[in-house]
Amino acid sequence: MPITGIYGPDDFANRPQGQPDTSRRAAPVPAGSTLPMPSLEWTPAVERATAPLYDRVKHVIPPIEWPLMAPTIHAINELKRARGAVILAHNYQAPEIFHCVADIGGDSLQLAVEATKVKADVIVQCGVHFMAETSKLLNPDKTVLIPDSRAGCSLAASITGADVRLLREKFPGVPVVAYVNTSAEVKAEVDICCTSSNAVQVVESLNAPSVIFLPDRYLATYVASKTDVKIIAWKGACEVHERFTGEELRSFREADPSVQIIAHPECPPDVLAEADFTGSTAHMINWVRAKRPRRLVMITECSMADNVRAELPDVEMLRPCNLCPHMKRITLENILQSLLTLREEVTIDPALAQRARHSVERMINLRN
Ligand code: 13P
Ligand code: SF4
């Protein structure tokens, strides 16, 4: 059914003025923690050590570019061992990060679940800030680093904790589900979190006739189309996925009717109506592994197509992809700096973290 209402900052006359605080405080670096810069020369030893890694990305990184990145990749992998660190990378990270330095890759749900199992002292989150916050919530005793704390998200920036309180006043007793693409401050105000992998399951688990679902209006619309629960939505959108259009997809089909099209549920409904499959980034990857289409259009962030093609070179990718400017703030260079200097550390007020953790853990426990 269609969503039953959609609200945004302009719908509350008594809303506190101002935007969500997206400025990040970098925690001070403990004395003596900075390591010296390693050599970044392209040597025969580096070539030998990184050859198995190049094999993983040879279909998406030209040989001429490899000597430029391999020394940094090698240095990162050495430093990871020295620091006792693990690197978690989202599916939208560039192939040289996703396939060559990450220990664990995946969608938001997989990364959250894996964060609960990390034994290493240091987690370097290659993704956006809300993902690093989620890792810190689930593993509060670890040092969680994000190589560039300005890596935000248009969805997380669309809503504040105060907005959630106003929604609760307007709809007393209606449970609130927050997409993990929100700040810890918002997670602390809601009943449970969800990701694009489990959004319908989470909404239905509440056994309520109506649910407030925030902040993505398009994911809310997708969920509403899959359940009888009435969905009250927020006016947020992903700046990457909202730019795709149904017309764009139709032109791919007209050019080749055999093409397969798969899309992320953050896309507008006219885009999803044209897709052969809709799912989270992990569900999309699993679909490609199972179906092995000859020609494929992936309606999501560009690096996903590169990461899948690195693994499945026989699948020809047509590329109407959009880059996420926030995901692309993470680079080999700032991952190296992060490991050298232990910056930028993600910190969350402990009282707020306790409330936010509850919403994320409630979602994770639903799986079991
Ligand atoms: P996934 O949970 O599907 O990986 O999505 C995260 C995200 O930010 C998509 O834009
Ligand atoms: Fe946020 Fe969209 Fe970037 Fe995902 S792709 S991190 S939802 S801005």
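## Close-up views of the model

View 1. A157 counts as buried because it has 21 C-beta neighbours inside 10 Å. The cut-offs here: a residue is buried with 20 or more other C-beta atoms within 10 Å of its own, exposed with 12 or fewer, and partly exposed in between, with the C-beta atoms placed from the backbone. This is a predicted model, in which local features need pLDDT of at least 70 and side-chain atom pairs count only at pLDDT 80 or more, while totals for chains, interfaces and linings use all residues. As for labels, residues are numbered from 1 along each chain as its sequence is written, and chains are lettered from A and ligands numbered from 1 in the order in which they are written. A157 belongs to the loop between β5 (143-145) and α6 (161-170); helices (H or I, at least four residues) and strands (E, at least two) are DSSP runs numbered from the N terminus.

**View 2. R168 in helix α6.** Stepping into the helix, we get to R168, which sits in α6. With 17 C-beta neighbours inside 10 Å, R168 is classed as partly exposed. From R168 to Y179 there are eleven residues in sequence and 16 Å in space, C-alpha to C-alpha.

View 3. β8 (residues 210-214) and β9 run parallel and are joined by four bridges. Between them the chain passes through helix α9 (residues 217-224), a right-handed β-α-β crossover. Right-handed means that, with the strands pointing away from the viewer, the path from the first strand over the helix to the second runs clockwise. β8 also pairs with β6 (residues 176-179), parallel again, over three bridges, and β1 (residues 5-7) does likewise with β9 over three parallel bridges; strands pair if DSSP finds at least two bridges between them. β9 (residues 230-234) is largely enclosed by the rest of the structure, because four of its five residues are buried. β8 is mostly covered as well, with four of its five residues buried.

**View 4. F213 in the nonpolar core.** Which residues have the most contacts inside the largest nonpolar core? They are I97, V177, F213, I299 and I335, in a core of 114 residues. Such a core is a set of buried Ala, Val, Leu, Ile, Met, Phe, Trp, Tyr and Cys residues joined through C-beta atoms within 7 Å. Zoom in on F213 and, leaving aside neighbours within four places in sequence, its contacts are V177, V203, A220, V223, I231, I232 and A233. Contact means C-beta atoms, placed from the backbone, within 7 Å of each other. One of those residues, A233, stands opposite F213 in β9.

**View 5. The surroundings of ligand 1.** Around ligand 1 you'll find N91, D107, S108, N181, T195, S196, C238, H264, E266, S280 and T281. A residue makes the list if its C-beta atom, placed from the backbone, lies within 6 Å of the molecule. Sorted by class, that shell comes to one nonpolar, eight polar and two charged residues. The classes: Ala, Val, Leu, Ile, Met, Phe, Trp, Tyr, Cys and Pro are nonpolar, Asp, Glu, Lys and Arg are charged, and the others, Gly among them, are polar.

**View 6. The surroundings of ligand 2.** What is the make-up of the shell around ligand 2 by class? It has seven nonpolar, three polar and three charged residues. Of the 13 residues surrounding ligand 2, the closest are V128, C153, C238, V240 and C324.

**View 7. N322 in its loop.** N322 lies between β13 (316-318) and α14 (332-341), in a loop. Not counting residues up to four places away in sequence, N322 touches V240, R243, E301 and C302. N322 counts as partly exposed, having 16 C-beta neighbours inside 10 Å.

View 8. Most residues other than glycine have a negative phi, and most peptide bonds are trans. The L214 to P215 bond is cis, with omega near -5°, and P215 lies in the loop between β8 and α9. From R343 to E344 the bond is also cis, with omega near -5°. N207, not a glycine, has a positive phi of about 50° and counts as exposed with 7 C-beta neighbours inside 10 Å. L342 has a positive phi near 55°, but L342 counts as buried with 20 C-beta neighbours inside 10 Å.

Methods: Two residues are in contact if their C-beta atoms, placed from the backbone, lie within 7 Å.
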